[in-house]
Amino acid sequence: MININIGMIGTGYVGLTTGACFAEIGHNVICVDSDEQKIKMLNAGQVPFYEPNLDKLIKTNVANGRLQFTTKISEAVKDSLVLFIAVGTPPKDTGEPDLSFVENVAKEIGSAMIDYKIIVEKSTVPVKTGEWVKETITRYNKRNIPFDVASNPEFLREGSAVSDFLQPDRVVIGVESDKAKEIMLDVYAPIKAPILVTDIKSAELIKHASNAFLSTKISFINAISVICEMSGASVEKVAEGMGLDKRIGPSFLKAGVGYGGFCFPKDLKAFIRIAEELKYDYRLLKEVENINEEQKERFVKKIEGLLWNLREKQVGVLGLSFKPNTDDMRFAPSIDIIAKLTNAGAKVKAYDPHAMTNAKKIITNIEYCNNPYDVAKDCDALAVVTEWDEFKQLDMNKIKSLLKLPIIVDGRNIFDPNTMEKLGFIYRSIGR
Ligand code: NAD
């Protein structure tokens, strides 16, 4: 096993997980972040966000000396052979990704290099970004140090990021030299997974194409859920029947209030823009977005339909993060759903097991509760927005006794409709 010195620039959900996992498989990793507070926390043994099992991994690898944290890119450049760029690529108002963070890191690496490096795009970036990264490094590389650029898109999912990274379905490596290929294969040698080596542009495109396809699957089943509601069929049975076909597969066929998070919404917007720039009107993906937006609207209409009017009604919201097992609130469906409820005059109480600290920075006009029972108390309806396991174990008799009206609108289909009706709830879910 070859240990490689790795610099991970950007220590967010992706950079920190990836950095800690590279240390876990035997490499020496320096994680860099420009956010001093984040690095201070990490050096004090705290993890700046919630991700299952990440804290243990960081603790072990800091203790064995394979994982370090700094605010200085120059330190990572000095000590590393492979430098991963894992900074954010947030959407601009136009939908195109803001690549200025990637550019800034490329400039700093170019200026600081004194020996051969591979600079790897880990962030999700548009096809042809590799060319700009290469050009930027060349411009700032006054000493003419040799280097390679590579693309290594990340497919981990928040909530299961550590196991996704250590046991991935595949690893994609885009390179343009044999030297970069050999070193990148050494980096991933301990990971048992198919490795696809491609050119840089194809690697960049694989990430956007994959996320676009997964979002399409979600919107597809959400559209089917509407047909199910209109016709009296069950979306779960339809999804099961479709998913048994190996060509379709069962995953990403769960109807709900729509996708969110830092990947699908922004990557889809970015991909539509990338296509536009390449003179292709990606109408399919525009419709995927429309269906996703409608799904949140339909959910609020369902609540309204049961309460007649929303003005002055109290609605309880269970779950705020964009999905379970994360505290990430970026582009969470709960944000739009709560805005629609409060704009219509409803008062909202909410609870989430891990995302309330982040939610409080974004949603300021609701009451935050300490547990689901406090949410239910005196509410006219309870809405399930994120499918945390904790909500599946609730004492529903107690919930019923606390609610003003026994109305539940389940945006994630976590309860069984027959059981809920037997318990005396007026229960609505998605596509059933
Ligand atoms: P994040 O916002 O959690 O982390 C980005 C980090 O980069 C921040 O801590 C920020 O302070 C830091 N940063 C910005 N500029 C910097 C600089 N000049 N020097 C050092 N650090 C700097 O973002 P994330 O969720 O980790 O996503 C990072 C990238 O990975 C994005 O392109 C995203 O699309 C992609 N991605 C994310 C996920 C996910 O599930 N979050 C999955 C796959 C890919």
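Is Lys117 buried or exposed? With a relative accessibility of 2%, Lys117 counts as buried. Keep in mind that this is a predicted model.

## A lysine tucked away

Lys117 belongs to strand E5, which runs over residues 117-121. One is with the side chain of Asp115, at 2.8 Å. In the other, a polar atom of the Lys117 side chain sits 2.8 Å from the backbone oxygen of Val77.

If you skip residues within four places in sequence, Lys117 touches Val77, Lys78, Ser80, Leu81, Leu83, Pro146, Phe147 and Asp148. As for the burial call, the cut-off is under 20% relative accessible area, so Lys117 at 2% counts as buried.

## Around the ligand

Now to the ligand. The residues around it number 27, and Asp33, Lys38, Thr89, Glu158 and Lys266 come nearest. Sorted by class, that shell holds 11 nonpolar residues, eight polar ones and eight charged ones. Among the secondary structure elements, helix H1 (13-24) and helix H5 (100-112) each put at least two residues into the shell.

A few polar atom pairs are worth a look on screen. The side chain of Thr89 has an N or O atom 2.6 Å from an oxygen atom of the ligand. For Val14 it's a backbone N or O atom, 2.8 Å from a ligand oxygen. Ser34 also uses a polar backbone atom, this time 3.2 Å from a nitrogen atom of the ligand. How much of the ligand does the protein bury? On its own the ligand exposes 830 Å², and 89% of that is buried by the protein.

## Salt bridges

Side chains of opposite charge can pair up when their charged atoms come close. How many salt bridges does the count come to? The answer is 28. Glu297, Lys301, Glu304 and Lys340 are tied together in a network of them.

The partner is Asp79, with N and O 3.4 Å apart. Lys78 counts as exposed at 55% relative accessibility, because the cut-off for exposed is over 50%. Asp79 is partly exposed, at 36%.

## Pairs within a helix

Lys237 and Glu240 form a salt bridge in which the closest N and O atoms are 3.3 Å apart. Where do the two sit along the chain? They are three residues apart in helix H10 (residues 235-243), so about one helical turn separates them. Lys237 counts as exposed, with 58% relative accessibility, whereas Glu240 is partly exposed at 44%.

Helix H16 (residues 389-392) holds another such pair: Lys392 and Asp389 are three residues apart, about one turn of the helix. Their salt bridge has its closest N and O atoms 3.2 Å apart. Both ends are partly exposed: Lys392 has a relative accessible area of 39%, and Asp389 comes in at 49%. That last value still counts as partly exposed, because exposed means over 50%.

Methods:
Residues are numbered from 1 along each chain as its sequence is written. This is a predicted model: local features need pLDDT of at least 70, side-chain atom pairs count only at pLDDT 80 or more; totals for chains, interfaces and linings use all residues. Side-chain values use heavy atoms; hydrogens and water are left out. A residue is near a molecule or strand if one of its heavy atoms lies within 4 Å of it. A polar contact is a pair of N or O atoms within 3.5 Å; within protein, one must be able to donate a hydrogen and the other to accept it, and residues adjacent in sequence count only if both atoms are side-chain atoms. Accessible areas come from the Shrake-Rupley method with a 1.4 Å probe; for residues, only the protein chains shown count as cover. Helices (H or I, at least four residues) and strands (E, at least two) are DSSP runs, numbered from the N terminus. Ala, Val, Leu, Ile, Met, Phe, Trp, Tyr, Cys and Pro count as nonpolar, Asp, Glu, Lys and Arg as charged, and the others, Gly among them, as polar. A salt bridge is a side-chain nitrogen of Lys or Arg within 4 Å of a carboxyl oxygen of Asp or Glu. Buried means under 20% relative accessible area, exposed over 50%, partly exposed in between (1.4 Å probe, protein chains only). Contact means heavy atoms within 4.5 Å.
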